[in-house]
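Trainee: Please take a close look at one part of this model, the aromatic ring pairs and what surrounds them. Give me the geometry and the cut-offs.

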Amino acid sequence: MKPVRYKKVRGKNRILRHIDDWATCNRHLNLDYLQKNQRDYVKFWVKPFSNLHIGNSIYPEPYGEFKERLLRGLFEIYQSWKVQLDNLNKPYYLKIWLFEKHISRSQVVCAIDDCLHFYDNAFEHIDKPNLNELRKLCDGYFDDFEKLNWQKGIDTQYIENTYLDLLTDTTSQEFKEAEKWFNQIKEQAFSVYYIQNPTDELQFYYLLENDKVWIGG
C-alpha cells in the first residue's frame, strides 16, 4: 500500500470565510422540514475538507484556525437549534457529534416525535470516558463544550462473516487478496455481533472501529 500524501491547503482566508458562512447559513433550523421528516442534521460541507478522497493524495483534517472555526460553528449551530427546539414545547434529541480522528465528519443532529430515539444506538457505548481527551480535542474551545453533557462512543463498521462466500473462484488472485484482507479484518475486530437469520443459520459480523465519537448535548 502506498503511503498517504497530504495536499497543501491553500487560500486560508477564503476557507475561513466559507467556514463562517457555513455556520451562519445553518444556524436556522428548518422547522417545517423537521416536523415533516422528524429528524435533521448539518454536516461540515466546506472545501477542501469535504472533498472526496481519490487515490493516495488527500487533504488533512481541519487544523489550527480551521479547526477552531469548525468547533465554534458547531457550538453556535447547536445553541441556535436548541432555542428553536425549546419553543416546540416537546421532547427532542439534540446532540453534537464530534469525531476524534476525522473531525471534518462532525455534525449537529436533532430528532423529534417518532424519531426521538432514532439515534440512541448510533454508536457503541464507551464506559467512563476521559474528559481530558475531549479537552485536548477541543483545544481552546473546551470552556464552551464543557457546558454540555458528554458521552463517548465508537463509530462502527460491520463486516459479515460470510464475506468470502461472495467469491466463487477460490484459486483466483482476487480471492487470495480478499482472503488476506479478511484475515486482517478478523484480527482488527474489537467485537463480534451475532444474529439469527430467517433460515435459522447463525450469522455474525465483525465490528471494526472507524473512529471514536464524542456525543454532547
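Mentor: Buried means under 20% relative accessible area, exposed over 50% and partly exposed in between, with a 1.4 Å probe and protein chains only. The model is predicted, so local features need pLDDT of at least 70, side-chain atom pairs count only at pLDDT 80 or more, and totals for chains, interfaces and linings use all residues. Residues are numbered from 1 along each chain as its sequence is written, and side-chain values use heavy atoms, without hydrogens and water.

Now the search. Across the whole structure, 7 aromatic pairs turn up. Rings of Phe, Tyr and Trp (its six-membered ring) pair if their centres lie within 6.5 Å; planes under 30 degrees apart count as stacked, over 60 as edge-to-face and the rest as tilted.

One of these pairs joins tryptophan 97 to tyrosine 119. Their centres are 5.3 Å apart, with 80 degrees between the planes, and the pair is edge-to-face. It links distant parts of the chain. Tryptophan 97 sits in strand β4 (residues 92-99), while tyrosine 119 is in the loop between β5 (107-112) and β6 (124-126), 22 residues apart. Helices (H or I, at least four residues) and strands (E, at least two) are DSSP runs, numbered from the N terminus. Tyrosine 119 is buried, as is tryptophan 97.

Back to phenylalanine 123. Its ring centre is 4.9 Å from that of tryptophan 97 and the planes are at 80 degrees, so this pair is edge-to-face. It too links distant parts of the chain: tryptophan 97 in strand β4 and phenylalanine 123 in the loop between β5 and β6, 26 residues apart.

Ring pairs link Tyr93, Trp97, Phe99, Phe118, Tyr119 and Phe123 into a cluster.

Charges also sit over rings. Arginine 39 lies over the face of phenylalanine 118, 3.9 Å from the ring centre. Lysine 95 lies over the face of tyrosine 93, at 6.0 Å from the ring centre. The test asks for NZ of Lys or CZ of Arg within 6 Å of the ring centre and within 35 degrees of the ring normal.

Follow arginine 39 into its strand. Strand β2 (residues 39-43) has an uncovered face with Arg39, Tyr41 and Lys43, and a covered one with Asp40 and Val42. In a regular strand, side chains alternate between the two faces of the sheet. β2 pairs with β5 in the antiparallel sense, over 5 bridges. Two strands pair if DSSP finds at least two bridges between them. Valine 42 has valine 108 as its bridge partner in β5.
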